[in-house]
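This report sets out selected local features of one protein structure. The sequence and the coordinates are shown first.

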Amino acid sequence: MGMADVPPPSTETTAPAGRPSRRWLWPGGLSARLLILTILFVLGAGLFVVPPTLAAFEEQWLLDRIRAAELASTIAEADPARKVTAPVRQQLLANAGVVSVAVQTDGMRRLILAAPRDLRSPYLVDLRDQKPVSWLTAPFQTLFGGDDRMVRVIAEPRFRSGEFIDIVMPEQPLKDALWGYLVRLLAITLFVSILAGLAVYLTLNAFLVLPMQRITLAMERFRADPEDPAARVSPSGRRDEIGRAESELARMQADLLAALNSRARLAALGEAVAKINHDLRNMLTSAQIASDRLAAIGDPKVAQAMPRLERALDRAVTLATDVLAYGKTAEAAPQAQALPLLAALEAAAEDAGLSDNGVRLIARLEKTAQVNADPDQLHRILVNLLRNAREAMEGQDGRAGQVQASLTAEGALSVLRLADNGPGVPERALAHLFQPFSGSARRGGTGLGLAISRELAQAHGGDLALVKTGPEGSVFELSLPGVPEAPKPKRTRKKATEA
């Protein structure tokens, strides 16, 4: 019997109703997303550099105009008569790119070069003292401040003495220079961003994305066919988180493959055991019928051997029944209802072989005590517990066996306490007491009784536990949902009326 076939992973993805399966223009692959995000982040980081770069370019451009105008003013003042003809003045102003040059010395402002008067009022830019915010926003005010404006620039002189040099110039040449520089700057920023993004992408893709793709592909192929050797991931030996993920995935695949193989073998073995057990039970039933006929013969030797034969047949039938019951895929959901606990205990004690002449049941609970449980499943739990107690106490000498039952309430649960005076649970059986085929306390037992009983109790919302064991006996506690008490009707007093 091979493993169950697992369908290969589907390449189509379905989305909830009313939603698109994928965002528009957003790639689904991790590599493409990483490339786009890397370029965007690097481009965004580059754009942060644009405002200070533009501001520095504008400041330097204005300083260049200042220095050119300052040199023109020194040339004009080099004339001994200090009178410059109009053509020379226009040539000096054109070379400097300004319309007027003035210098302030000793508190007096002196106009050195001037073109015909322009009626447009200039705005002021003082390069001697600029605030950071105004320095960063100045290029954008120049670019988007309007057309045909004039600008007045003040700066400290370098080539001559004086407090400051003052020029007036048209803004359009500065705006044209800024636009050209901005276009070149954005192109360079975009180019550098793409190169840096590709470099970061290739690095991250080599160290992160490709290993993750390899791990993802291995998981998908392993899910499709766990027995495919190509689906096993090979650890790369890296010491980082990716290497640890590869190692853990390889270990998990090995463990899961072993578990699947073991499960397949157990399923095949269980199916074979169920068939054999079913036939064995029929044979044992026939043997029981034959033993009943032998008992009716009346031969003393046969009568002497019959009890041992009957006990062996009973144990064999019980074992076959328990194995078949445990081999079911799942227990039916309990159909809980209010049950009188005392009647359920007495019926289970009778089926478990308890009697006044042997192991006795002493029920210390009220006749009205009730629990919420499935009748059949509660009967199976109680029969398993009482039968185990009887079998543990039947062979002891010196004291009569008895099982005392008491009921207490713990919140919403009713706890049934079953205490016997047997020899206690052996030490070797305590560790696996509730595990099937491992927790039997007697020779020849399967350990299925307690495992099934605990499973049924937990299905009710309760539990089964061994709370005490020793030479003086064992105590099991079975917790089940209790039945809430009905509210008592309130008594009303009639008021006496005076005659």
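## Basis of the model

The structure is a predicted model.

Strand β12 spans residues 473–481, and seven of its nine residues are buried, so the strand is largely enclosed by the rest of the structure.

Strand β10 (residues 413–420) pairs with β12 in the antiparallel sense, over seven bridges. Within this pairing, Arg-417 has Glu-477 of β12 as its bridge partner. Strand β11 (residues 463–470) also runs antiparallel to β12 and is joined to it by seven bridges. Here Lys-468 is the bridge partner of Val-475 in β12.

Glu-171 is located in the loop between β5 (164–170) and α5 (172–224). Its relative accessible area is 1%; because the cut-off for a buried residue is under 20%, Glu-171 counts as buried.

When neighbours within four places in sequence are left aside, the residues in contact with Glu-171 are Tyr-123, Thr-142, Gly-146, Arg-149, Met-150 and Val-151.

## A nonpolar surface patch

Ile-36, Leu-37, Leu-40 and Phe-41 make a nonpolar surface patch of about 380 Å². Of these residues, Leu-40 is placed in helix α1 (residues 30–47).

Notes
Residues numbered from 1 in each chain as written. Predicted model: local features only at pLDDT ≥ 70, side-chain atom pairs only at ≥ 80, totals over all residues. Heavy atoms only, no water. Buried < 20%, exposed > 50% of the residue type's maximum accessible area, 1.4 Å probe, protein only. Helix = DSSP H or I, 4+ residues; strand = E, 2+ residues; numbered from the N terminus. Pairing = 2+ DSSP bridges. Patch = residues over 30% accessible without salt bridge, like charges linked within 9 Å, V, L, I, M, F, W, Y side chains within 5 Å. Areas by Shrake-Rupley, 256 points an atom, 1.4 Å probe, with all protein chains shown as cover. Salt bridge = Lys/Arg side-chain N within 4 Å of Asp/Glu carboxyl O. Contact = heavy atoms within 4.5 Å.
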